[in-house]
Amino acid sequence: MNFASMDYFIMVAREKSFTKAAQRLYITQQTLSAHIASIEKELGCSLFVRHVPLELTYAGQVFLKYALDFQKRHRSMEQEFNDIAHRQQGRLRIGIAYTRGHALMPQLITEFQNQYPRMQVHLLEASNNTLHKMLLDGELDLAIAYFPEHIAGLELEDFYREEIVLLAARSLLDEIYGDKADEVIRQVRESGDVSLLGECPFLLNGLNDVAGQLSRRLFDAVGLNPNVRAQSKNIETLLGLCVRGVGATFSPDTLLQTALPPEQLKGLEVFHLSGSSSYNICFGYRSQTYQWSMIQSFIQVARAMWGDLGKQPQA
């Protein structure tokens, strides 16, 4: 048994499929099956119930705990000896939400690799909750995400402050409110009260999205049952509909500069909201005895580009 075989087993356990795991590992299904069979022969136990989807046996569940622990320790050992040898090389696995990644990562990865050309960045995009779990499971080295509360086993460092804003096309507001549009806009800007736009149709974000959760809390707080024209997990899709006057939508302010050209931004009214519409975006990484220097190197590059907490990254 070797570390590669354990990595293969972990991938099969996660994917619950030899076919999908082989594709993720870039090996043949025959090779993968041979590795799993070799582990089972050495342990004297079947690790999977072979139906669709695959299911771990009790022995498989026990072995997965050991395999994950060995994988984490092996990776930590490689990272520490890379630092000892001053190689500044390896694969840094970074997790971030898709829309936030669109706004931040092209510039950040480019600058990081300019400074550390032997480093490979493996970017994984997922929801905040999924990123938290992936960090704890050792699938990520670093996450840039919203952490609503401290999570045992993770270290957090503040990066910047993000704000959810409400956007509506001026053409849509003129169509709905006519001569009263300017007054409605003024009142919403002064109060941050979303109920003042109750006649406006809305484009809602997914429930796992920070903007989606915030919008629903705001609606509940003012007793508004919104006229929902569309729902999507993709904020960029919603912004495209918003620009066309289909409805108002909620978005992180950091995304606007990268998702929309200046001429489209000029046609939108931007409203800052009442309540807890802003929050810290943090760097998160696992608490462990040895921390790979490349994690802090990446954080330092990000801070050098955009400064400390409060200065938002811009395109």
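Biologist: What share of the contacts between residues at least 6 apart in sequence joins residues at least 24 apart?

Modeller: That's 71%, where a contact means heavy atoms within 4.5 Å. Bear in mind that this is a predicted model: local features need pLDDT of at least 70, side-chain atom pairs count only at pLDDT 80 or more, and totals for chains, interfaces and linings use all residues. Residues are numbered from 1 along each chain as its sequence is written, and side-chain values use heavy atoms, with hydrogens and water left out.

Biologist: How many helices and strands does the chain have?

Modeller: There are 13 helices and 11 strands.

Biologist: What makes His132 buried or exposed?

Modeller: The cut-offs decide: under 20% relative accessible area is buried, over 50% is exposed, and partly exposed is in between (1.4 Å probe, protein chains only). His132 has 7%, so it's buried. This histidine sits in helix H6 (residues 128-136) and touches Ala145, Tyr146, Phe147, Pro148, Ile151 and Leu154, leaving out residues up to four places away in sequence. Across the 315 residues of the chain, 46% count as buried.

Biologist: And which class does Gly192 fall into?

Modeller: At 6% relative accessibility, Gly192 counts as buried too. It lies in the loop between helix H8 (181-191) and strand E7 (201-205). Apart from neighbours within four places in sequence, Gly192 is in contact with Gln187, His272, Leu273 and Ser274.

Biologist: Which helix gives the most to the nonpolar patch?

Modeller: Helix H4 (residues 58-84), with four residues; Phe70 is one of the residues in that helix. Next along is Gln71, also placed in helix H4, which touches Asp7, Ile10 and Arg14 if residues up to four places away are left out.

Biologist: How do you know that Glu40 and Arg50 form a salt bridge?

Modeller: The rule wants a side-chain nitrogen of Lys or Arg within 4 Å of a carboxyl oxygen of Asp or Glu. For Glu40 and Arg50 the N to O distance is 3.0 Å, so the pair passes. Glu40 lies in helix H3 (residues 29-43) and Arg50 in the loop between E1 and E2, so parts 10 residues apart in sequence are tied together. Glu40 is buried at 11%, whereas Arg50 is partly exposed at 47%.

Biologist: How far apart are the N and O atoms of Arg303 and Glu157?

Modeller: They come to 3.3 Å, a salt bridge again. This pair links distant parts of the chain, with Arg303 in helix H13 (residues 293-306) and Glu157 in strand E6 (residues 154-169), 146 residues apart. Arg303 is partly exposed at 23%, while Glu157 counts as buried at 18%.

Biologist: Which residues make up the salt-bridge network?

Modeller: Start with Glu269 and Arg170, whose closest N and O atoms are 3.5 Å apart. Glu269 is in strand E10 (residues 268-272) and Arg170 in helix H7 (residues 170-177), 99 residues apart. Shared partners then join Arg170, Asp174, Asp182, Arg189 and Glu269 into one network. The whole structure has 15 salt bridges.

Methods:
Helix = DSSP H or I, 4+ residues; strand = E, 2+ residues; numbered from the N terminus.
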